[in-house]
Amino acid sequence: MKKYNSNNFHKHTFCLWKEVPLTEFEGMKPSFKSQSGSEYFFTEEGVYRISNHWGRVANCRWRLLPLSDYRNQHTKIGFANWADFYPNDETSNLFFIQVNWAQKTVDFFHKDMPFYDGKATLRNASETAKILKKIKLILNEDTWAKYLDYQDLEELRRKTVKKLI
């Protein structure tokens, strides 16, 4: 597996960043500032990023796991260990989908993450995005089931989503 560091973490990678409070690295000087205004602080363990944009960043897919509800265009600070970066490209089947039934949320993850069980279908980035959109609609709307014959909407949701996954 490829090793990532301050020289290559920003080239075609997937990463789940964990939001951290400012106090975690007060006094550090930025190691790099991007053209879009994001600041990066490199350490032996990983990298801090201060930015107002997350998700699709240039050729990377970087998702912020927020301390509270995240809103794009609000500056947040994230940290990622060097081992949290995984290779990313638009055509390889790298991503799998997981649903949190209790919260009715869905997200995608990289196949090289330690909790991938090898069972979920792997898809490329665009296929994953299409399926995510469908699943979000099924989890949060009921108009899609208007013309179907069913007894239990939640059971229908589960069966339909499991087939999509």
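Modeller: Helices here are DSSP runs of H or I with at least four residues, strands are runs of E with at least two, and both are numbered from the N terminus. The model is predicted.

Biologist: Which element gives the most to the lining of the largest pocket?

Modeller: The general idea comes before the case. Rolling a probe the size of a water molecule over the atoms shows where empty space is left. In this model, the largest pocket has a volume of about 670 Å³. Its lining has 28 residues, and the closest to the centre are Arg63, Val106, Asp107, Phe108 and Lys136. Two or more lining residues come from each of strand 5 (55–57), strand 6 (60–65), strand 9, strand 10 and helix 1 (125–140). Helix 1 gives the most, with six residues.

Biologist: How many residues of that lining are nonpolar, polar and charged?

Modeller: The lining divides into 15 nonpolar, seven polar and six charged residues.

Biologist: In what sense do strand 9 and strand 10 pair?

Modeller: In a regular strand the side chains alternate between the two faces of the sheet. Here, strand 9 (residues 95–100) pairs with strand 10 (residues 105–110) in the antiparallel sense, over six bridges. Valine 99 has valine 106 of strand 10 opposite. Four residues lie between the strands of this hairpin, and lysine 104 takes a positive phi near 55° there.

Biologist: Is asparagine 8 buried or exposed?

Modeller: The cut-off for buried is under 20% relative accessible area. Asparagine 8 has 15%, so this residue counts as buried. Asparagine 8 sits in the segment before strand 1.

Biologist: Which backbone atoms does the side chain of asparagine 8 reach?

Modeller: One is the backbone oxygen of lysine 3, at 3.1 Å. Another is the backbone nitrogen of asparagine 5, at 2.7 Å. With neighbours within four places in sequence left aside, asparagine 8 is in contact with Lys2, Lys3 and Thr13.

Biologist: Where is serine 31 found, and why does serine 31 count as partly exposed?

Modeller: Serine 31 is in the loop between strand 1 (13–19) and strand 2 (32–33). Partly exposed covers the range between the buried limit of 20% and the exposed limit of 50%. Serine 31 counts as partly exposed because its relative accessibility is 42%.

Biologist: Which residues does serine 31 touch?

Modeller: Not counting residues up to four places away in sequence, serine 31 touches Tyr40, Phe41 and Phe42. A polar atom of the serine 31 side chain lies 3.1 Å from the backbone nitrogen of phenylalanine 42. Threonine 43 is twelve residues from serine 31 in sequence, and their C-alpha atoms are 9.4 Å apart.

How values were computed
Residues are numbered from 1 along each chain as its sequence is written. This is a predicted model: local features need pLDDT of at least 70, side-chain atom pairs count only at pLDDT 80 or more; totals for chains, interfaces and linings use all residues. Side-chain values use heavy atoms; hydrogens and water are left out. Two strands pair if DSSP finds at least two bridges between them. Buried means under 20% relative accessible area, exposed over 50%, partly exposed in between (1.4 Å probe, protein chains only). Contact means heavy atoms within 4.5 Å. A polar contact is a pair of N or O atoms within 3.5 Å; within protein, one must be able to donate a hydrogen and the other to accept it, and residues adjacent in sequence count only if both atoms are side-chain atoms. On a 1 Å grid over the protein atoms alone, a cavity is a set of points where a 1.4 Å probe fits but cannot get out, and a pocket is an open set with protein on both sides within 12 Å along at least five of seven lines; lining residues have an atom within 4 Å of a point. Grid points are joined across faces, edges and corners, and a volume is the space filled by probe spheres set on the points. Ala, Val, Leu, Ile, Met, Phe, Trp, Tyr, Cys and Pro count as nonpolar, Asp, Glu, Lys and Arg as charged, and the others, Gly among them, as polar.
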